[in-house]
Amino acid sequence: MNREDIIKNGTIVYNRPRLLNERNTHYCPGCSHGVVHRILAELIEEMGIEDKTIGIAPVGCAVFAYNYIDVDWIEAAHGRAPAVATAVSRLNPDNVVFTYQGDGDLAAIGTAETIHAANRGENIVIIFINNAIYGMTGGQMAPTTLLGQKTATTPYGRKADINGYPIKMSDLLAQLDGTCFVTRQAVHTPAAVRKAKKAIRQAFENAIAKRGTSVVEIVSTCNSGWKLSPAKSNEWMASNMFEKYPLGDLKNI
Amino acid sequence: MAEEIKLMKGNEAIAHAAIRYGCDGYFGYPITPQSEVLETLEELMPWETTGMVVLQAESEVAAINMVYGGAATGKAVMTSSSSPGVSLKQEGISYIAAAELPALIINVMRGGPGLGTIQPSQADYFQATKGGGHGDYHLIVLAPATVQEMADFVGLGFDLSFKYRTPAMILADGIVGQMMEKVVLPEPRPRRTKEEIEIQCPWAATGRHGRKERNVVTSLELEPDKMEVNNIRLQETYKHISDNEVRFKEYYTEDAEYIIVAFGSVARICLKAIEDARSNGLKIGLIRPITLWPFPYKEINRLSKTAKGILTVELNAGQMIEDVKLAVECKIPVYHFGRMGGIVPNPGEVLTAFNKFFPEATNNANL
Amino acid sequence: MAKIKGTVIIDEQRCKGCELCVVACPTDVLQLQNKEVNDRGYHFAYTAQPDNCIGCASCAMVCPDACFTVYKITTTDNI
């Protein structure tokens, strides 16, 4: 049986999601953002919520997320996505609202907005891309940068006495009464991608059912910032990041 | 039906007027001397009647970004604060202006700089009228002098801001926020429906609802050619506003030999001073800019053709005087009298200042 | 005996040559072009050993650019 026969007689197991439009992303080759965007487009399509979904884009590499997924978007100021999402969700309770934020956006400049939106139990989904670095601005230290990790602003490695410690935002958010679901996932293997997608689906279901705030942290790679190949980045993430940021549900009620 | 006259503070009037306007959402953070806006709204519980959302945010920064979010969905949303809090909001205000969103921001000014004082001031004139945040933008700035205007300018501010898709600010001083006066509240009107919003704001991010094109609200454009086009469009809007929306009031200007320019509650003090002076034969007139941006340059220029001199009276070190000087084009002398730090001059002090700057006027009058 | 056969169509122009699919493929189907590049200059992925494909979609799962369409068929044919 040749290729043409399989295409002709077989079933399609995977197809590019319709909501992921034709634009090529500006992301570097192998960037985790692309996988998470793809999952979001698949889910919004599968759940049939494209007409009522509003995404809030951050500042950072994902600032242009709105260029790729064909739903309505609002581009927020750096760190303010949860505040923007709060008003969008409260004023439009029939809509499904999600923020898409990096570690600088969510865990540094937008810490207050993130914690308070979650503490109010806003019915929103927070997608948190944690790649331990500022990608867009050229690889500077993020609040989640590991101790010893070299970045443009910690060229000799992050030191606790100078830069403090990597912050575990999901652990913090799981402590709040307003969150109903806090989970840490990754997208480095096919199995991890399937699990991450399942988690994001649950987060969207929570928002629709008005159960409170759901946070899905995706421990991610930034191969340009880390100065590794995409494949090596995945290996480095598995052997270094997961120790500090272990995968799994932190809260699921 | 007879008009119902109520007695209340300017800050309370803003809260009542917002509900009656059909405002969709208020997002604020407590700061003296404007906390009554949020307090009154919480007490009135409009979410039970009109469905208006009221939320105490975690900061002024969060509050203005909530306004940005609400405005991006086509809702009539507002925030209020006082000077230090309005400084914090400047980031969000710049984004709202850049994304061409309607919104209403209220600044009940207190003395600065820094933490300053909780007493009244007009020292945020520059901040409000010259931009405030980063980038080339303007706000429509309304300066109320009475509690009645506090109530009326909520509707006017929203209407102008939706008409031009640009944020409007009510720039009130602490006096007009805290002072109790009689007020006739505007007639209640319903909040706009979803369908009305989609017709009025086809750009709003409301979910696609079968729309072919998705809506994206953003202020980002990395291609210089397109970014300049965006800037030119904003400037055209501002030109349009400048040509059509200048508002001011004149008092005793027909025969005036000298003019006082003052806004907000200070204009009322000046009016009293002018009436006292006129009883002594001193022909002074008053022009009170109601829109501080767009500023009544033409009107002041017209007055400067017949007047001998102009005095600006402000609760600051001399801010509006720069616009008055631009209007006058060096034709006649322009002086400034101001108090700072929360001190409010009385009519006598205004006249003393006037006499100091224009001794010839006093000498000629029958004093 | 029933056997699962699969194949993939790769959007070569969209591919950025990140190699994550090559690593993820359990049956060593995929390789990056050694010399050839697409219009954007990337050594894109191709099916070097197409007969190995089992249509598991692992490549599609890890692809950040959604370049894959994956087909699968269960067959009793001799190959």
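How many residues of chain A are in contact with chain C, and how many residues of chain C take part? In this predicted model, 35 residues of chain A meet 32 residues of chain C.

On the chain A side, A:M1, A:I6 and A:Y14 stand out, for they supply 22% of the area that chain A buries against chain C, more than any other three residues. Several elements of chain A each give at least two residues to the side that touches chain C: the helices α1 (3–9), α2 (32–46), α8 (190–208) and α10 (230–244), together with the strand β1 (11–14). By class, that side of chain A consists of 16 nonpolar, 13 polar and six charged residues.

Chain A also meets chain B. Two pairs of chains are in contact, and of these chains A and B share the most contacts. Chain B and chain C, by contrast, do not touch, and their nearest C-alpha atoms are 20 Å apart. The contact between chains A and B takes 38 residues from chain A and 36 residues from chain B. About 2700 Å² is buried between these two chains, 58% of it on carbon and sulfur atoms. In chain A, the residues that lose the most area to chain B are A:D51, A:D72 and A:L91, which together account for 23% of what that side buries.

Side chains of opposite charge can pair when their charged atoms come close. Between chain A and chain B, five salt bridges are counted. A:D70 and B:R214 form a salt bridge, with their closest N and O atoms 2.9 Å apart. The count of residue pairs in polar contact between chain A and chain B is 21, with both residues at pLDDT 80 or more. On the side of chain A that touches chain B, two or more residues come from each of β2 (53–57), β3 (72–75), α3 (81–91) and α5 (111–119). Of the elements of chain A, α3(A) gives the most to this side, with seven residues. Sorted by class, this side of chain A has 17 nonpolar, eight polar and 13 charged residues.

Over all chains, the structure holds 37 salt bridges. One joins A:R38 to A:E42, with the closest N and O atoms 3.1 Å apart. These two residues are separated by about one helical turn because they are four residues apart in helix α2 of chain A.

The largest pocket has a volume of about 1000 Å³. It is lined by 37 residues, and those closest to its centre are B:T218, B:S219, B:L220, B:E221 and B:N230. The elements that give two or more residues to this lining are α4 (83–98), β9 (216–217) and α9 (224–244) of chain B. The largest share, six residues, comes from α9(B). The lining of the largest pocket divides into 17 nonpolar, nine polar and eleven charged residues.

The second largest pocket has a volume of about 440 Å³. Among its 29 lining residues, A:G60, A:C61, A:Y134, A:G135 and A:M136 lie nearest the centre. Two or more lining residues come from each of α4 (103–109), β6 (133–134) and α9 (223–226) of chain A. The lining of the second largest pocket has twelve nonpolar, 15 polar and two charged residues.

Finally, some details of the backbone deserve a look. In chain B, the peptide bond from B:T32 to B:P33 is cis, with omega near 5°, and B:P33 sits in the loop between β2 (25–28) and α2 (36–44). A cis peptide bond also joins B:G112 and B:P113, with omega about 0°; B:P113 is in the loop between β5 (104–109) and α5 (125–129) of chain B. In chain A, A:K227 has a positive phi of about 60° although it is not a glycine, and A:K227 is found in the loop between α9 and α10.

Key:
Residues numbered from 1 in each chain as written. Chains lettered and ligands numbered in written order. Predicted model: local features only at pLDDT ≥ 70, side-chain atom pairs only at ≥ 80, totals over all residues. Heavy atoms only, no water. 1 Å grid on protein atoms, 1.4 Å probe; cavity = no way out; pocket = protein on both sides within 12 Å on 5 of 7 lines; lining within 4 Å. Points joined across faces, edges and corners; volume = space filled by probe spheres on them. Nonpolar A, V, L, I, M, F, W, Y, C, P; charged D, E, K, R; others polar. Contact = heavy atoms within 4.5 Å. Buried area = accessible area lost by both parts, 1.4 Å probe. Salt bridge = Lys/Arg side-chain N within 4 Å of Asp/Glu carboxyl O. Polar contact = N/O pair within 3.5 Å; in protein donor to acceptor, adjacent residues only side chain to side chain.
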